[in-house]
Structures are given as C-alpha cells and as structure tokens.
Amino acid sequence: TADIVPQAPEDPLFGLMAAYRKDTFAQKVDLGIGAYRDDNAKPWVLPVVKKADKIIADDPDLNHEYLPIAGLQQFTSASQRLSLGADSPAIKEGRVASLQTISGTGAVHLGALFLSKFYKYSGQTPTGYFSNPTWANHGQIFDTARLSHKTYRYFSPTTKGLDFEGMMSDIKATPEGSIILLHACAHNPTGVDPTQEQWKQIAQVMAQRRQFPFFDTAYQGFASGDLNKDAWAIRYFIAQGFELCIAQSYAKNFGLYGERAGCFHFVTAPGSDAQSTITRIASQLAILQRSEISNPPAYGARIASLVLNTPELFAEWEANLRTMSGRIIEMRTQLRAKLEQLGTPGTWNHITDQIGMFSFTGLSEKQVLKIREDAHVYMTKNGRISMAGLNSHNIDYFAKAVDKVVRE
Ligand code: PMP
C-alpha cells in the first residue's frame, strides 16, 4: 500500500490559518476561520458557558463514565426542543430519533451514512444535491459515506444574493426522491438565505418531487440573535409533513468549537406507523454510532445541556447570543458604510443583506491573493470573509485595503 497512496492536498482553510500564524506583520488580519472573535480579535468564552463550567466542576457526583450510545439524554431532548420548537407535534407524537454526535460534522456524517445504507427511492440510492457553493466539507463527508452528490444553483455573482430562479429550476429538475441539503440559516459560505416566502416555495417543489430535506443547522441564534427565527425553515418543513433529518452544531452558538457538541435528528412523517418506524430507525442509527465512535464525548454536551435545561442560564445564553450576533451585524453596517464613503467601485449592499458568520465579498481569487500579499489580510480564495474577524481596531484598515485592491 505504501506506494499506491497518493499525497492528498492540504485542507485549504487549515492551510490558510497556518500561513496567518507564520506572518509577522503587526497589522495582519485573520478573516479565514469561522470562529467568533471579540473586539480585540480574541476567542470569546461565553459568560454563560463559564458559569455552567463551574457548576459542573463543583458537582461532587461528577465522573468520567461513558455516556450511552445515543449520548446524554437530557441534551438530546433539549436539542430537539431547541431545533424543532418546544411545542413541536413531531416531538409530542414521538416521531423524532436523536443522537448526540461529534458536533455538526459528526451529525452530517451520521446522516449521510444512514441514508447511504438505508435510503432507497425506486430501488436506487438517491443522489445528494448541495447548494453551489456549500460548506467545503459536505462533499468530502458524502464521499466518505459513498453517497453521490451534485449541486443546485444558489448564489448569484451579479446580485451577490440568492439565485432563486436558478435554485428552483435546478431542484425541480433533480430526480424524484433526491436528497436536498439545505442550510437552515446563515448559509456558509455566502451568508445568503432564502426569505420565508421563498422557503415556502422550495418546500412546495420538494414535496411535489418527493425529495428528502437534509438540514444543516450550525448557526441557530448566532445568525439573527433569535433562536426561533433561525429555526423557522426547519419547523416549516416539519409542519408540511416531510420526512427529514437535521444536523445540529453547538460549535458557534455556544462557542464550544473544540468540545464537539452536536446532535443528529431524524424526523419521520406523521402517520399511524410513525412510532414503530422511528424505533427501527433509532436502532439502526445506534449501530452506526456504536461502530464509528461507540459513544460521544461528554464535556461539551454537559455544558450545553445544563444551559438548555435551566431557564435562568438559557436566558443568559440568549443575551450572549445577542452580543455575538449584534457585534457581527454592527461590523456589517460599518464595513458597508466605510466602503461607500470611500467610493469603492461596485455595490456593497450585499454586506448588510447577508447574514451570519460570513460574507461573500465578491472579491476575485486574484484580488484575494493580492490583498494577502500587500495588506496581510487573510481570507479564503472564494472571497469569503469571516465577519467576526473584523473589529473596531482593524475595520478601517480592512476597508482601505479592499478599496485599494478593487481599484487596481
Ligand atoms: N455545517 C456548516 C454549514 C458549517 O458551517 C459548519 C461549521 N463550519 C458545520 C456544519 C460543522 O461544524 P462543527 O463540526 O464544528 O460543528
């Protein structure tokens, strides 16, 4: 085997981080990785997480035993309520199977693996369709699970907004029963989301085509600061009676990046046999989980669970979410205003129209490389910037660097 294993390329995002760390220029700016930073460009441990951490550490009964295969039950049930809504009929009717996973990545992986093994439409394993572009890991995860994948149109380079017509006509054209991967909110990498009216139309077409929605939700509460608003699309689809799955991450909204807290939910359609179906599905998911990770890591789930299940901590978490989303929205407002003041060629309304961690600036690969070389500003080649990398100390510098590179 030694001779036949080819060298794989370096992960572009982690490569970018390494290049940034090596750079010794004092005013360098990191807009690469999707992790929240405070106004001093430092990672922010949410105050509510610090509090929960202390409560857990002081618990005399704490031990380091294995969690069950499906994870911490209080965590998975609170995760259901957070995503589906506390009054969700799907929860009440017992048609949701939930497993704690290795953050959102593990949830996407578990879902892909399950669909690859069990999901058939007219005897065939359907193809997965991703927005073009999508989170860079989706394709790799589906490859690993041996699920084929293609794309549907999503982003319009002209408007730097949603290509809704392209999206609708591509989804209509996919074979019946296809898996359609949808970002529940704060689309990565573009920051462009459908409106509620557009989501309704997407759901209608997908119901006609008997398609399977696979929701990826990595930014609930982090996008708008409102947990319910950011879960609207998922809840709407469930209300329409879809069978679907959800990959939920707590990396961004709890700042628990490295603790790998996430959850996978499979929701069956309403009906008299829904409960027996979900029992069978849960049993198979448990076997997949057991063979992959045996049982999930406890620490991050304990923190999230304590916050989700304690009303005062939950309220404090919502305030922390508003701090993060509010700072990002403020950076969007300021960046747009500065570029417009500078008279930078082009339109910049997309900076404030887009939502969540990222903005697709519209800078070309050439401009991205130039701004890295000249101004030591690091962003991915597709022109995506992590809004959280901007702060009151570097936003002027960044706006001027963009202005310069656009004029060159
Ligand atoms: N999906 C999307 C769209 C994401 O942006 C991310 C985070 N970059 C994830 C899933 C999962 O991340 P994690 O495994 O850290 O939860």
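## Surroundings of the ligand

In this predicted model, helix α5, which spans residues 103-118, supplies three residues to the shell around the ligand, the largest share. The ligand is surrounded by Gly34, Ser103, Gly104, Thr105, Trp135, His183, Asn188, Asp216, Ala218, Ser249, Ala251 and Gly262.

Sorted by class, this shell holds eight polar residues, three nonpolar residues and one charged residue.

## The annotated domain

Residues 27-401 carry the UniProt annotation "domain: Aminotransferase class I/classII large", which comes from an unreviewed entry.

Strands of a sheet pair through backbone hydrogen bonds, in either a parallel or an antiparallel manner. In this model, an open sheet is built from seven strands, arranged in the order β2-β10-β9-β8-β7-β3-β4, with mixed pairing. Its edge strands are β2, residues 96-102, and β4, residues 149-153, each of which pairs on one side only. From one strand to the next, the twist averages 25°.

Within the sheet, strand β3 (residues 128-132) and strand β7 (residues 179-183) run parallel and are joined by two bridges. Tyr129 has Ile180 in β7 as its bridge partner. Strand β7 includes residue 183, and His183 is among the residues that surround the ligand.

Technical notes
Residues are numbered from 1 along each chain as its sequence is written. This is a predicted model: local features need pLDDT of at least 70, side-chain atom pairs count only at pLDDT 80 or more; totals for chains, interfaces and linings use all residues. A residue is near a molecule or strand if its C-beta atom, placed from the backbone, lies within 6 Å of it. Helices (H or I, at least four residues) and strands (E, at least two) are DSSP runs, numbered from the N terminus. Ala, Val, Leu, Ile, Met, Phe, Trp, Tyr, Cys and Pro count as nonpolar, Asp, Glu, Lys and Arg as charged, and the others, Gly among them, as polar. UniProt positions are given in the numbering used here, feature names are shortened, and annotations may be inferred rather than shown by experiment. Two strands pair if DSSP finds at least two bridges between them. Axes are lines fitted to C-alpha atoms, for helices over the stretch in contact, and angles run from 0 to 180 degrees between N-to-C directions.
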